Structures are given as C-alpha cells and as structure tokens.
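Here is my note on the model, in numbered points. Please read it with the structure open.

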Amino acid sequence: MPDIAMPSRPRVLVVDDSSLVRLYCQSTLEKAGFEVEQAINGIEAMEKVLSEPFDLLIVDVNMPRMDGFTFLRSLRSGAGHAATIPALMISAESDMQDAADARAAGANFYLVKPVAQADLVRHACVLAGARL
Amino acid sequence: MPLVRGSKGPASDGASAPHRAALDSADAESRWTAARALSGQVDAVPALAAALGREPVLRVREAIMTALMRIGDAASVEAILPYLRSQDAAVRGDAIQVLQALPDAIAPFMAPLLSDSDSDVRLLATELARNMKGSEATFLLCGLIEREQHPNVCAAAIDVLTEVGTPQAIPVLERCAERFAATPFLPFAISVAIARISGAEG
Amino acid sequence: MDDPKGGAPRAVPITPEEVQRFCEFLYRRTGMSFAEGKRYFIDRRLEERIAATGSSSFQGYFSLLRADADNEIEHLINSFTVNETYFYREDHQLRCMTASLLGAVVSRKTAGGTVRIWSVPCSTGEEPYSIALWLMENWPEVDSYNIEIVGSDIDTRALKAAAEGIYGDRALMRLSPGLIARYFSKLADGNHQIDQGLRNSIEFTRVNLIDPQDMAQYRDFDLVFCRNVLIYFDDASRRQAAENLYNCLRPGGYICLGHSESMSRISPLFRVARFPDAIVYQRPEADHA
C-alpha cells in the first residue's frame, strides 16, 4: 500500500458564491496547514486553475454563472495538469442523485452542507494527498 | 471616461409588432435581433415571456432576459420569476442576476418568495434582497430567519445580512444561533454576521 | 466637504470588521481583491472617499456606495486603480495577440483578407496606436493581411486628442528610444507626435458601449480590447455591454478585458480561453444551448 504523502503546504481553491462558506473553509483549512485561495463562481475558478497550481478544489454545486457540475466537467475535459486536480464537491442538496451527478461530473467526493470542520479537514487531507 | 447609463427603448407605438413576430423566426440571428429591438418595450412582455420559454439558443435567451430587464415592470418580473425554479443552474443564476438589478420592481414579490414552500426558492430569493436598502433587506430577511427550519436557507439569508444587515438583525441572529447551536457552520456564520453588522472589533 | 467649525475634517475611524465588509463587497462587485499587507492602503482610500462624500460614518458611506449614489462606485474604483494610460500598457495581452490569437484568427482567412481589431474605450489613443506599433514590430505576417484598427470612446475630447497623436514622456516610457525615433516626431515643446501614416491608419469613432443601437454598427471584429471600463458599470449596464460586444465579434473572435476584470461577474456568453501570455474570452464559433 503506497504512502499517501501530502504536499508540504497544499494549495486549495474554494469555489462558492457565499463569502461565509469561503471564509469558513479558509479558516478551517488554514488551521490545518493548507494555503487557501477563493473564487466566487465557476468561471473565476477556471481562470485561477489555469493560472496557478492547486492540489485540491472544493466546489459548491449551486453557483450563478457557471455551476459546480459545469465547471468540473469543463475542467476534466481539458488537457494538462489542471484536469486531474482532486475535487471535493459540496452541496446544499441531500439528494442521492446529486452525489451520482457529482461523480459523473468528475468530483472525487461529495459532502452535504452544512459541513462539519472535522469532516472538511479529513476529506481535504485525503484528497490533497491522493494525487501522487 | 464619463459613463452614460443605458436608456430604455423608445415608447411603444405599435412598431414592435414585426419584432414580436420575429421572435418566432427559424433563424437564431433574427430572433436575437428581435429580442434586442424589443428591449424596453412595455407591450412586448407577453411575447418575450413566451419566447423565453421555448428559446433553445443561449445568446437569444440572454437577449430576451436583458430586454425584460430593461422593461423592468411588474409584468417583466412575473415573466422571469418561474425561472428561479429551473433545473438548470445557469438559468436560475441568470434570473437572479436580472431580478437583482430590479430591486424596486421585485419588492412586492419578496414576501411570497421568502415564504415559498420550496426551500430552494426561498434560498435563491434571499439573494434578491442584496441590492435593497439595508433596512428593507433586514426586515425581509429577519422575517424569514425567525420562521425558517432549513439551515441552508438561513445560511443564505445570513450571507446577505453580513453585507447589508442593520443592527435590528442582531437579536434575530442570536436567536437563530441558539436554535442551530448543535449544527456545524451556522454558529460560525452568525458570529461573523453579527461582528460585521455591529462593526465590532473581531 | 467643509467642516462648519472650520479646520481639517476629522478622519472617521474604521474598524477591521468594516474593512472586511467593504472588501467583500468590492470583491463581489468587481473582482478586485487585496492581500493582507494592503490594509493601510485600503484604510487610506476609504477615509478619502468617506471624506469626499461628506459621510459621517463608514456605514453612512457604505449605504451610499451600495446604492451607487453620485457614481460613487466609479470614484471608488478610480481611487483604487492607477488610471494613467501609456503605450504598451498590459503588454502581455499584446504578446498574446501576436503569439496566439492572430494565428487562430487568420487560420480562417485567405491571404490578403481583413483582420479587424477594436480598441474600446481608446481614451487618448495610446491603446490603438500600441496595437498598431506592436503589430508592425512583432507580427511577421503584418503585411500579408489588410489590418483595420478602430479606436472608440464616449469622450469626444479624448478622441480629438487621439487623432492628434501628441504624447508626453510618461506616455512613451515603455517604448524604446529606437521605436520612438522610428514612429514619432519630436515637437518644439518637447512632446512627441506619432507619425501621420499611423494617425491615418486608425479610425477613431465615438461610441457608447451600453447603447445597443450605437453598438449595432460595429460588426465582424476579430479582436476586441475592452480594458478597464466594464469594472465601472453597474450589473445591468455590464450585462448590456457584454451582450453588445458579443454581437460586435465575429464567431470565434476574442475579447481581452482589463487586469482584474472577469466575465465571471458579467455574462455566460463567452468561453474562457487560456494562452501562455493571457487569459482572454472568445465568442463561440457557433450558437449553442
């Protein structure tokens, strides 16, 4: 079983149109040793992902302009490094169909809001370390 | 560079009839041109609303929404409101963007939207308060929060209050924090909102 | 703003929470964001705007700002950005033009075909002239195509100055002495005037980006530079302008926005296109759902 090694200060992009959710993720993950960037929707996220390296994406489903599914599908269909960044999808929906949709769009994991800090950190660590 | 605010279209004089007909054209470019020509034309709302419901091409849908936005009366708002319930996130987002630009026109619709039986609609409706005056937005969102059971709807309302809320919101937010004390995120969100509203040192 | 008691106005104290509220609003509205170390800079600008608007508190100012009373958003953004225009500003986009965009554009054209480029707003002409200079200096195929460059602005005084093409040293600071010698003449007052040939090669026009009728006359552009103007518009006007600009582009044509601007807050009509030198936006080749 290979070791899962986390990059020394993994960079995570939090994509959510709510400033409070971004702040919550930022303060939680910074305490856990991540470097956190923010984006307000899928288009801004795409621009950031194409310009800077990230070890993990945390993506809300319900965002204006470009929703989380569209963003992930678009990312996964592109070439290069950005296409394989692990992605944790978060959603206000608890519908099982959404979890299936998330996997189909290219998310590695799916959590339902509100997300407890411990869960966020645990899943973020696993996913950020999962890319070798 | 000085800005010139956009102006509404010329007053309707019946010349909108050919454009309304062209909304049905087989050719997307013609439908697009028609939608643009009807921007600001009050008598075109029913035709624009109908066209919006069946338009397959994105840029034409966008032009129709913009035309309705430029009209900006109660009928336009009513034409756009159903799209808050769309399964398509892009459509919902577009409806929100346009309605947010019409704070006066959307005001009479806020109370029913914020008590809609669909929690997703209530959640989206909180965004519409963002461009309203602080006192008005606070009144509407506090009313919602006091009776709201769904934590994610509360979270959305709290997000808007973080930006626009007045001190009247603080006791309501404190009660909300008590109700949801055992859940993740909401107590955090409420503490940030209260700090921002009261301008207190963090 | 005069203090009725005389003397300098007292600075209104601003708390960190108020700065956060302001920064979140600015980010949501414009995409502008500031690193931690810029706190002092933000405080100073906020104090200036609070004083300039005669507001007695941050909250009073913030309400005014949210309502965009007296074009306060425009004043605020102006105070936060460096507004001067000069030749070869944001040259990474010019590099992108010759390194990436034009190749895609001319792949759809025959030799001798027309390439149409629009600089809007063009202000006093630095941008359209920069495009022309850059093409002549950096694009090997510049003589293989008929290049039309249009420079447009809402401000007729700026357009008049652009047509005259006279610039001081600051505007030329990014240009090499050789380039200046090749394309400019030095005037008696020490300013430089760009050569007649270049002045004649740019078509200068007046346009209002938000007016669909105005904008409908502009069609078939392969490249549009629309930098640092959309950021000032309210949401409704931005949406209208983006729609207008879409119509001005050829299918597959590209549009470049300013440094901190993004279509993400404006319109879903454009595709994000990433190149080595810049991220730009593209009108899709064909209509889609």
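1. Chain C touches chain A through nine residues, against eleven on chain A. Contact here puts the C-beta atoms, placed from the backbone, within 7 Å. On the side of chain C, α1 (16-30) and β9 give two or more residues each. That side divides into four nonpolar, two polar and three charged residues. (Ala, Val, Leu, Ile, Met, Phe, Trp, Tyr, Cys and Pro are nonpolar; Asp, Glu, Lys and Arg are charged; the others, Gly among them, are polar.)

2. The model is predicted: local features need pLDDT of at least 70, side-chain atom pairs count only at pLDDT 80 or more, and totals for chains, interfaces and linings use all residues. Residues are numbered from 1 along each chain as its sequence is written, with chains lettered from A and ligands numbered from 1 in the order in which they are written.

3. Helix α2 (residues 42-51) of chain A buries Gly42(A), Ile43(A), Glu44(A), Ala45(A), Met46(A) and Val49(A). Buried means 20 or more other C-beta atoms within 10 Å of the residue's own. What do these residues pack against? Their partners are β1 (11-15), β2 (35-39) and α3 (68-77) of chain A, plus β9 (271-274) of chain C.

4. In chain B, α7 (residues 103-114) and α8 (residues 119-128) pack at about 150 degrees, axes 9 Å apart. They are therefore roughly antiparallel (over 145 degrees). The crossing of α7(B) and α8(B) is left-handed. From α7(B) come Ile106(B), Met110(B), Leu113(B) and Leu114(B); from α8(B), Val121(B), Arg122(B), Ala125(B) and Leu128(B). The contact counts seven nonpolar, no polar and one charged residue.

Note on methods:
Axes are lines fitted to C-alpha atoms, for helices over the stretch in contact, and angles run from 0 to 180 degrees between N-to-C directions. Helices (H or I, at least four residues) and strands (E, at least two) are DSSP runs, numbered from the N terminus. Angles under 35 degrees count as roughly parallel, over 145 as roughly antiparallel, 65 to 115 as roughly perpendicular and the rest as oblique. A crossing is left-handed if the near helix is turned anticlockwise from the far one by less than a right angle, and right-handed if clockwise. Two residues are in contact if their C-beta atoms, placed from the backbone, lie within 7 Å. A residue is buried if 20 or more other C-beta atoms lie within 10 Å of its own, exposed if 12 or fewer, and partly exposed in between; C-beta atoms are placed from the backbone.
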